[in-house]
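Here is a short report on one chain. Look over the sequence and the model first, then read on.

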Amino acid sequence: MLAMHHMTPVEVTQISNLHTLILEINSEVALFRDLLIHVGQSRDCPELREKIRKLRRSCVEACKHTAALILPQIRT
């Protein structure tokens with residue numbers, strides 16, 4: 001656990017934003033998994049596959065954005 005009492009308000013806000021982004025990615029990955037379960041079954045249709053494509057793109061972009069915020073902090 002991070003010792004937040006030694007952090008500046010800006011650092012606390014950044015960590016809170018990262019936490020929110022990570023939770024969002026986790027939710028999107030869970031939804032992605034749930035949608036993939038239906039591929040090849042009776043619920044499979046072009047609309048489902050389009051939802052999967054859009055969600056995958058959204059997950060990738062969220063991961064790139066989060067990595068861009070996290071990696072510079074790890075390197076310093």
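A residue counts as buried when its relative accessible area is under 20%, as exposed when it is over 50%, and as partly exposed in between (1.4 Å probe, protein chains only). By that rule, 14% of the 76 residues of the chain are buried. This is a predicted model, in which local features need pLDDT of at least 70, side-chain atom pairs count only at pLDDT 80 or more, and totals for chains, interfaces and linings use all residues. Residues are numbered from 1 along each chain as its sequence is written, and side-chain values use heavy atoms, with hydrogens and water left out.

**Overall build**

The chain has 2 helices and 0 strands. Both terms refer to DSSP runs, numbered from the N terminus: helices are H or I with at least four residues, strands are E with at least two. The chain exposes about 6000 Å². Carbon and sulfur atoms supply 62% of that area. Areas come from the Shrake-Rupley method with a 1.4 Å probe; for residues, only the protein chains shown count as cover. A contact means heavy atoms within 4.5 Å. Among contacts between residues at least 6 apart in sequence, 53% join residues at least 24 apart.

**Helix H2**

Helix H2 covers residues 46-75, 30 residues in all. The expected span is 1.5 Å times one less than the number of residues. Which residues of H2 are buried? They are Leu48, Ile52, Leu55, Cys59, Ala62 and Thr66. An α-helix has 3.6 residues a turn, so residues three or four places apart point the same way.

**The core**

A nonpolar core is a set of buried Ala, Val, Leu, Ile, Met, Phe, Trp, Tyr and Cys residues joined through side-chain atoms within 4.5 Å. The largest one has 5 residues: Leu35, Leu48, Ile52, Leu55 and Cys59. H2 gives the most to this core, with 4 residues.

| Residue | Contacts (within 4.5 Å) |
|---|---|
| Leu48 | Leu35, His38, Val39, Arg43 |
| Thr66 | Leu18, Leu21, Ile22, Ile25 |

Thr66 counts as buried because its relative accessibility is 5%.

**Cysteines**

A disulfide is a pair of cysteine sulfur atoms within 2.5 Å. The count comes to 0 disulfides. Cys59 is buried, at 9% relative accessible area, whereas Cys63 is partly exposed, at 37%.
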